Amino acid sequence: MDLDEQQLKYGMEFIVGTWQADFLVNTFSSDSTHIPACEFKSDDGTDFSAFSFEFFEDHTIVVSDAFSGKEEYGTWEQTGSNEYHYCLSNPFEVPEDEFNNYAETLNVQNGQLSFMIENLSVVMKKTAEGTITKTQDIGDMESDQSMTDIIGNYKVVKVMNFETFEMRTKEELERQKAEGKIDDETYSEALTFFEMNIEFTSDGNVVTMVKGVCETQDWKAVDGKYYINTNEEVEIYGEKQSPWKEIEFDEDGLIKFAEGMLLLQKVPIQGCK
C-alpha cells in the first residue's frame with residue numbers, strides 16, 4: 001500500500017514512544033474476555049506486562065523484558081494506514097515462520113497496538129511519548145539568493161479542462177469554440193486564464209495580474225528547490241499545515257501553477273532594436 005507524506009507523518013507521531021502489553025484476548029474464546037497482561041504468566045513466572053516496545057523516529061526499535069533484563073534490537077516500518085511491521089531477533093518462542101510473521105505485524109485498533117501469537121491477540125497501550133524532531137517550516141528558512149533562474153515574466157500556455165482534466169492550449173480552446181464543442185461562458189472563463197500575466201520578482205514576490213486585478217504571493221529557494229506561499233490555511237488531523245508548497249515543473253520545463261491547473265512559460269527578454 002502506497003502511503004502519502006501526511007499518512008507517514010501521522011503514523012510516525014502515533015507509534016514513536018513506549019508501548020506496554022495491556023491485555024490479551026484468546027481468539028478461540030466465545031466472549032473475547034480481556035485477560036490482564038499481568039495475569040497471563042509463562043512457566044518461568046514471566047507475565048506479558050514485563051515486555052515493552054520502544055519505537056524511535058529513525059525506525060529502530062528496542063523490545064525489553066523487565067523480568068530477565070534482556071533487550072532485543074531491530075527496525076520497524078509503516079506498511080499501511082493502520083499497520084506496522086518490525087523485525088528483530090525473535091523475543092517470542094513461536095514455532096513457525098508464519099506465527100513469527102503474525103507476531104511482528106502490528107495493527108492499530110482503538111488507539112492501541114496489537115499483534116498475534118498463535119491464538120492470542122496481545123494488545124498494547126502507549127505509556128510514554130517519544131521524541132520526534134520537528135521539521136523546520138520553509139517559511140522560517142532563508143532563501144538561497146544564488147538561485148535566480150525562476151525570476152522573470154511568465155505567460156499561461158496551458159489551462160486545465162475541468163471536464164476532462166486534460167491541459168489545453170489557447171489554440172485548442174479557440175478551435176473547440178469554433179467547432180461548437182464549448183459554449184460562450186466556458187470559452188470566456190478559460191480565456192481569462194490565458195490573459196494572466198505572472199512575474200517572479202527578484203525581491204521574492206509572485207505578482208499575478210488579470211484584468212486589472214493584482215495578487216501577490218511570496219516565493220523562495222531552499223535546498224535547490226523553489227517554493228511558493230499559497231496563503232492557504234489548512235489543517236490535517238487538527239494540525240496546521242504549512243502554506244509553502246514546492247513549485248513543480250513538467251517534462252518541458254513549464255511551471256505547474258495554481259495546483260497544476262495552469263502551465264507557465266517564461267517570456268524571453270526582448271533585446272533592443
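In which hand does α3 cross α4?

1. The model is a predicted one. In it, α3 passes α4 in a left-handed crossing. The contact draws on Lys170, Leu173, Glu174 and Lys177 from α3, and on Asp184, Tyr187, Ala190, Leu191 and Phe194 from α4. Sorted by class, the residues of this contact are 5 nonpolar and 4 charged, with no polar ones.

2. As for geometry, α3 (residues 170-178) and α4 (residues 184-194) pack at an angle of about 165°, and their axes are 10 Å apart. Because of that angle, α3 is roughly antiparallel to α4; the cut-off for this term is over 145 degrees.

3. The largest nonpolar core has 27 residues, and those touching the most other members are Ile15, Phe53, Phe55, Trp76, Leu106 and Leu113. Two or more residues each come from α1 (5-15) and from the strands β1 (17-26), β3 (51-55), β4 (60-65), β6 (83-88), β7 (105-109), β8 (112-117) and β9 (120-129). Another core lies apart from it and has 24 residues, including Leu173, Ala190, Phe200 and Trp219.

4. Leaving aside residues up to four places away in sequence, Leu106 touches Ile15, Phe55, Asn82, Glu83, Tyr84, Tyr86, Leu113, Ser114, Phe115 and Met124.

5. Threonine 201 sits in the loop between β12 (197-200) and β13 (205-210). Its relative accessibility is 12%, so threonine 201 counts as buried, the limit being under 20%. With residues up to four places away in sequence not counted, threonine 201 touches Ile151, Val207 and Trp219.

Notes
Residues numbered from 1 in each chain as written. Predicted model: local features only at pLDDT ≥ 70, side-chain atom pairs only at ≥ 80, totals over all residues. Heavy atoms only, no water. Core = buried A, V, L, I, M, F, W, Y, C linked by side-chain atoms within 4.5 Å. Buried < 20%, exposed > 50% of the residue type's maximum accessible area, 1.4 Å probe, protein only. Helix = DSSP H or I, 4+ residues; strand = E, 2+ residues; numbered from the N terminus. Contact = heavy atoms within 4.5 Å. Axes fitted to C-alpha atoms, helices over the stretch in contact; angles between N-to-C directions. Parallel < 35°, antiparallel > 145°, perpendicular 65-115°, else oblique. Left-handed = near helix turned anticlockwise from the far one by under 90°. Nonpolar A, V, L, I, M, F, W, Y, C, P; charged D, E, K, R; others polar.
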